[in-house]
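I opened a new page for this one and noted what I looked up as I went. Here is the structure first, then my entries.

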Amino acid sequence: MSMMFLKLLTMLLIFFLMFMSQIYIRAAVKRLLDNMKVKWCAYFTEFPPIYAIAAILDPGVKLEGLTNLLTFYYQQLDVQFDVPYYVNNCKRILERLCEDYGAVIQPQPVGSSMVLLDSGFLDPFCKNHDQMGQ
């Protein structure tokens, strides 16, 4: 009977140690993840505008996809961020670029017809697209 009691006591002790180690591991991992989140937020709280502009120009993402991406990103980080303002700011940057380059780029003669350099990917941002090259 004492051998059976020792086995039961050993199993209970092993179970208790496993349970406590799980609690300890979870607490340690939580501390580690909290520290990682603090470091991540220190460097990546503000999404770099060049990445946002590249995402807008990507035909698979565009403005709507960028808005959804940033909304999800900042919700996961649990950080307050004005996504519509940020996206509109990136849109204004693209509009200014389009205006600046639209004033510089001239139509290129090809044979007997004139062909404008294709700026179709900037159509939503170019206010003066019809005047480009004139």
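**Entry 1: Lysine 62**

I started at lysine 62, which sits in helix H3. Helices here are DSSP runs of H or I with at least four residues, strands are E runs of at least two, and both are numbered from the N terminus. Before going on I noted that this is a predicted model, where local features need pLDDT of at least 70, side-chain atom pairs count only at pLDDT 80 or more, and totals for chains, interfaces and linings use all residues. Residues are numbered from 1 along each chain as its sequence is written, and side-chain values use heavy atoms, with hydrogens and water left out.

What is the phi of lysine 62? I found a positive value of about 60 degrees, although lysine 62 is not a glycine. Most residues other than glycine have a negative phi. I also looked up accessibility: lysine 62 has a relative accessible area of 48%, so it is partly exposed. The cut-offs, with a 1.4 Å probe and protein chains only, are under 20% for buried and over 50% for exposed, with partly exposed in between.

**Entry 2: Valine 61**

Next I looked at valine 61, in the loop between helix H2 (49–57) and helix H3 (62–77). Its relative accessible area is 26%, so valine 61 is partly exposed. Leaving out residues up to four places away in sequence, valine 61 touches Ala55 and Leu66; a contact means heavy atoms within 4.5 Å.

**Entry 3: H2 against H3**

I then checked how H2 and H3 pack, and got an angle of about 135 degrees with the axes 7 Å apart. The axes are lines fitted to C-alpha atoms, for helices over the stretch in contact, and angles run from 0 to 180 degrees between N-to-C directions. H2 and H3 are therefore oblique to each other. Under 35 degrees would count as roughly parallel, over 145 as roughly antiparallel and 65 to 115 as roughly perpendicular, with the rest oblique.

H2 passes H3 in a right-handed crossing. That word applies if the near helix is turned clockwise from the far one by less than a right angle, and left-handed if anticlockwise.

Which residues meet? I listed Ala52, Ala55 and Ile56 from H2, against Lys62, Leu63 and Leu66 from H3. By class, this contact of H2 with H3 has five nonpolar, no polar and one charged residues. Ala, Val, Leu, Ile, Met, Phe, Trp, Tyr, Cys and Pro count as nonpolar, Asp, Glu, Lys and Arg as charged, and the others, Gly among them, as polar.

**Entry 4: H3 against H4**

I moved on to H3 and helix H4 (residues 83–104), whose axes come within 10 Å and cross at roughly 140 degrees. H3 and H4 are therefore oblique to each other, and their crossing is right-handed. On the H3 side I found Leu63, Leu66, Thr67, Leu70, Thr71 and Tyr74, which meet Val83, Tyr86, Val87 and Lys91 in H4. By class, the contact of H3 with H4 has seven nonpolar, two polar and one charged residues.

In the loop between H3 and H4 I stopped at aspartate 78. Its phi is near 60 degrees, a positive value in a residue other than glycine. At 64% relative accessibility, aspartate 78 counts as exposed.

**Entry 5: Rings**

How many aromatic pairs are there? I noted five, where rings of Phe, Tyr and Trp (its six-membered ring) pair if their centres lie within 6.5 Å, planes under 30 degrees apart counting as stacked, over 60 as edge-to-face and the rest as tilted. Tyrosine 74 and phenylalanine 81 form a stacked pair, 4.1 Å centre to centre with 20 degrees between the planes. Tyrosine 74 is buried, at 3% relative accessible area, whereas phenylalanine 81 is partly exposed at 26%. Ring pairs link Phe47, Tyr51, Tyr73, Tyr74, Phe81 and Tyr86 into a cluster.

**Entry 6: The whole chain**

Last, I stepped back: the protein chain has four helices and two strands, in the order α-α-α-α-β-β. Buried residues make up 19% of its 134 residues.
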